[in-house]
Amino acid sequence: MKLFEMNHVQKSFNNGTLHVLKDISLCVNEGEVVSIIGPSGSGKSTVVNLIPRLYDVLGGKVTVAGVDVRDFDLKYLRQCIGVVTQETYLFNGTILDNLRYAKENATLEEIEAACRIANIHDFIVSQPDGYNTEVGNRGLKLSGGEKQRISIARVVLKNPKVLILDEATSALDSISENAIQDALENLMDGRTSIVIAHRLSTVRNADIILVVSDGKIVYVGTAAYLTDHSIPY
Ligand code: ADP
């Protein structure tokens, strides 16, 4: 079943002077994993940011389940979408506070289960104060990989229908990298996912690959299709 669609979407910034998306059309079915690839600055993040309406289209439209995203209650729309990006926001407070932010009434059991899926439970319980460890300025300084796994646990708790993922470009050590990769695979399992991909393995495992260049989709296909047609990715 078709879950969301973009029809001839255009988007500019800087009062129309920076025409970033020129003509984007795509269709994603429920349960599919879509990888978006293309050069830096080609418009990949702009495409995915239109789905939770971080901003609106200039032309064309974005629909979820056949409904224009502008017609959704914004809070509800955003509840259905989980976002994992390279920038992780944790506020001053305990690890538990930061996790409950995703689901206020989550039980301790639910929180621990989410942290196991996100590969961060063992790390948390190895701290003297466990889930009550203070983070941020007042407490523990977490590594980029640990913060990212906490943010993955938040998305597991949120349990969104659609997942938007911006894979990390910066090199993490290989233990962190594997822990995060496993956590993300757990998270994506059975969920419609759109991934701005920087890893070859993600591209190979996607159902569909979209190649974006200069604000347009220049190829749509599978990794095998791109290889067969000698299209570099
Ligand atoms: P990619 O994800 O492919 O690297 P982006 O979608 O982030 O590309 O950016 C495409 C272009 O749009 C870049 O030139 C970027 O500077 C510009 N851009 C992105 N977001 C904004 C914004 N909120 N305001 C102004 N310019 C933006």
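1. Start with strands β1 and β4. Strand β1 (residues 2-13) pairs with strand β4 (residues 59-64) in the antiparallel sense, over five bridges. Two strands count as paired if DSSP finds at least two bridges between them. Strands (E, at least two residues) and helices (H or I, at least four) are DSSP runs, numbered from the N terminus. Within this pair, N7 of β1 has K61 of β4 as its bridge partner. The model is predicted: local features need pLDDT of at least 70, side-chain atom pairs count only at pLDDT 80 or more, and totals for chains, interfaces and linings use all residues. Residues are numbered from 1 along each chain as its sequence is written, and side-chain values use heavy atoms, with hydrogens and water left out.

2. Next, the hairpin. β4 also pairs with strand β5 (residues 67-68), again in the antiparallel sense, over two bridges. V64 stands opposite V67 in β5. Two residues lie between the strands of this hairpin. Here A65 takes a positive phi near 50°.

3. Two further backbone angles deserve a look. Most residues other than glycine have a negative phi. H8, in strand β1, has a positive phi near 45°. R53 is not a glycine either, and its phi is positive at about 55°. R53 sits in the loop between α1 (44-49) and β4.

4. Is T46 buried or exposed? T46 belongs to helix α1. T46 counts as buried because its relative accessibility is 8%. The cut-offs are under 20% relative accessible area for buried and over 50% for exposed, with partly exposed in between (1.4 Å probe, protein chains only). Leaving aside neighbours within four places in sequence, T46 is in contact with K11, F13, V20, L21 and Y55. Contact means heavy atoms within 4.5 Å.

5. Now β9. Strand β9 (residues 162-166) is largely enclosed by the rest of the structure, because five of its five residues are buried. Both faces are covered. V162, I164 and D166 are buried on one side. L163 and L165 are buried on the other.

6. Which strands pair with β9? One is strand β6 (residues 81-84), in the parallel sense, over four bridges. The bridge partner of V83 in β9 is I164. Another is strand β10 (residues 192-196), which runs parallel to β9 and is joined to it by five bridges. I164 stands opposite I194 in β10.

7. Helices α4 and α6 come next. Helix α4 (residues 108-117) packs on helix α6 (residues 144-158) at an angle of about 125°, with their axes 8 Å apart. Axes are lines fitted to C-alpha atoms, for helices over the stretch in contact, and angles run from 0 to 180 degrees between N-to-C directions. The two helices are therefore oblique to each other. Angles under 35 degrees count as roughly parallel, over 145 as roughly antiparallel, 65 to 115 as roughly perpendicular and the rest as oblique. E110, I111, A114, C115 and I117 of α4 make the contact with A153, V156 and L157 of α6. These residues divide into seven nonpolar, no polar and one charged. Ala, Val, Leu, Ile, Met, Phe, Trp, Tyr, Cys and Pro count as nonpolar, Asp, Glu, Lys and Arg as charged, and the others, Gly among them, as polar.

8. α6 has a further helix contact. α6 and helix α7 (residues 174-188) pack at about 10°, with axes 10 Å apart. They are therefore roughly parallel to each other. On α6 the residues are G145, Q148, R149, I152, V155 and V156. On α7 they are S176, A179, I180, A183, L184 and L187. This contact divides into eight nonpolar, three polar and one charged.

9. Last, V220 and Y225. V220 lies in strand β12 (residues 216-221). Beyond its neighbours within four places in sequence, V220 is in contact with I208, I209, L210 and Y225. V220 and I209 are 11 residues apart in sequence and 5.7 Å apart in space, C-alpha to C-alpha. Y225 is in helix α9 (residues 223-228). Y225 counts as partly exposed because its relative accessibility is 35%.
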